[in-house]
Amino acid sequence: KGKKSNTSGGGGGGGGSFVPSSGGGAGGVIGSYTDYTDIVSNPNINTNVSAPKFTDLQEHGWAVAHINRLVNKGIVNGVGDNKFDPNGLVTREQFATMLVRAFEFENNTDNAKAFEDVENGSYYEEAVAILSSMGVVKGQSDTVFGVGQGITRQDLAVMAALATNIDSDNETGEFNDAAEISDYAVDSVAKMKKCGVLSGDENNNFNPKAYATRAEAAKILSVIMDYMEQSATK
C-alpha cells in the first residue's frame with residue numbers, strides 16, 4: 001500500500017500516540033481519570049474485529065472495537081499481562097507514533113527540529129522527526145518536545161487535524177466551554193467537531209485541558225481513520 005506524505009502548516013499544540021508502554025504521563029499529571037464518552041460512535045466500524053482479549057476493558061465497551069482494530073493493524077499494543085491500561089495517559093511522543101503508524105507518513109526529516117529530550121534510537125524518534133518536519137508539532141519550546149508528558153484533549157485534536165488536513169463544511173454549534181480552548185487549538189477543535197470526530201459531553205463541554213486516555217485516543221484515531229477513508233472515496 002502506498003505511503004502518504006503531508007505538508008500541512010505549523011501547529012501550536014503538540015503531540016503524542018500509544019505503543020507498548022506504561023501509558024502514564026509525567027510528573028503526576030492528574031490523580032483520577034474520567035472516561036469521556038463524548039466521542040461519536042462510528043456505525044461503520046467492524047465490531048467483530050479479532051484481537052487479543054484484554055482483561056481490563058469491561059467498563060470501556062465504547063472503545064473495544066476501536067482498540068482491537070488498532071491492535072490488529074499494529075498501531076498500538078497492550079501493556080502486558082493481557083491488559084490495555086485504558087485509563088492510562090497518552091504521552092505526547094506516544095500519540096506522535098500512533099499518528100505516523102496509522103497514516104504511514106513519510107517526509108523529509110532533514111527539516112525536523114532537534115529536541116533535546118528526544119532519545120536517539122527510541123521508538124518515537126522517527127515519528128517526532130516526521131511530524132516536526134511536516135509542521136504538525138513544534139514542541140513545548142525550541143529545544144524541548146515534552147517527552148513523557150500527557151497530551152491534552154485540545155493538543156490531541158491539533159495534532160490529528162494538522163496531520164490529516166481534516167476539514168468539513170458541516171456547521172455545528174460551539175462547546176459550552178469554548179472559551180477555555182487555547183487560541184492555537186480553536187480551529188483544529190472546530191474542524192474535528194464539524195466532521196463528527198468530537199462532540200460535547202452531557203453538558204456540551206469539550207474539556208480541552210483534560211488529559212487524553214489510551215482508550216479515548218484509540219477511539220478518536222479509529223474514527224478519524226474511517227472519516228479519511230470515506231472522504232477519499234467521495
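Trainee: Is Lys113 buried or exposed, or in between?

Mentor: This model is predicted. Lys113 has 36% relative accessibility, so the residue counts as partly exposed. Its salt-bridge partner is Asp142, at 3.9 Å from N to O. Asp142 sits in the loop between helix 3 and helix 4, and Lys113 in the loop between helix 2 and helix 3. They are 29 residues apart. Asp142 counts as exposed, at 62%.

Trainee: How many salt bridges are there?

Mentor: Side chains of opposite charge can pair when their charged atoms come close. Here the count is six. One of them joins Glu216 and Arg153, with the closest N and O atoms 3.7 Å apart. Glu216 lies in helix 6 and Arg153 in helix 4, so the pair ties together parts 63 residues apart in sequence. Both residues are buried.

Trainee: Which residues are linked in a network of salt bridges?

Mentor: Arg69, Asp226 and Glu229. Within it, Glu229 and Arg69 come to 3.7 Å between the closest N and O atoms. Glu229 is in helix 6 and Arg69 in helix 1, 160 residues apart. Arg69 is buried at 10%, whereas Glu229 is partly exposed at 40%.

Trainee: Which charged residue lies over the face of Phe206?

Mentor: Arg153, at 5.0 Å from the ring centre. Likewise, Lys193 lies over the face of Phe175, at 4.2 Å.

Trainee: How many aromatic pairs are there?

Mentor: Five. Tyr124 is buried at 7%. Tyr123 is partly exposed at 38%.

Notes:
Residues numbered from 1 in each chain as written. Predicted model: local features only at pLDDT ≥ 70, side-chain atom pairs only at ≥ 80, totals over all residues. Heavy atoms only, no water. Phe/Tyr/Trp six-rings, centres within 6.5 Å; stacked < 30°, edge-to-face > 60°. Buried < 20%, exposed > 50% of the residue type's maximum accessible area, 1.4 Å probe, protein only. Lys NZ or Arg CZ within 6 Å of the ring centre and 35° of its normal. Salt bridge = Lys/Arg side-chain N within 4 Å of Asp/Glu carboxyl O. Helix = DSSP H or I, 4+ residues; strand = E, 2+ residues; numbered from the N terminus.
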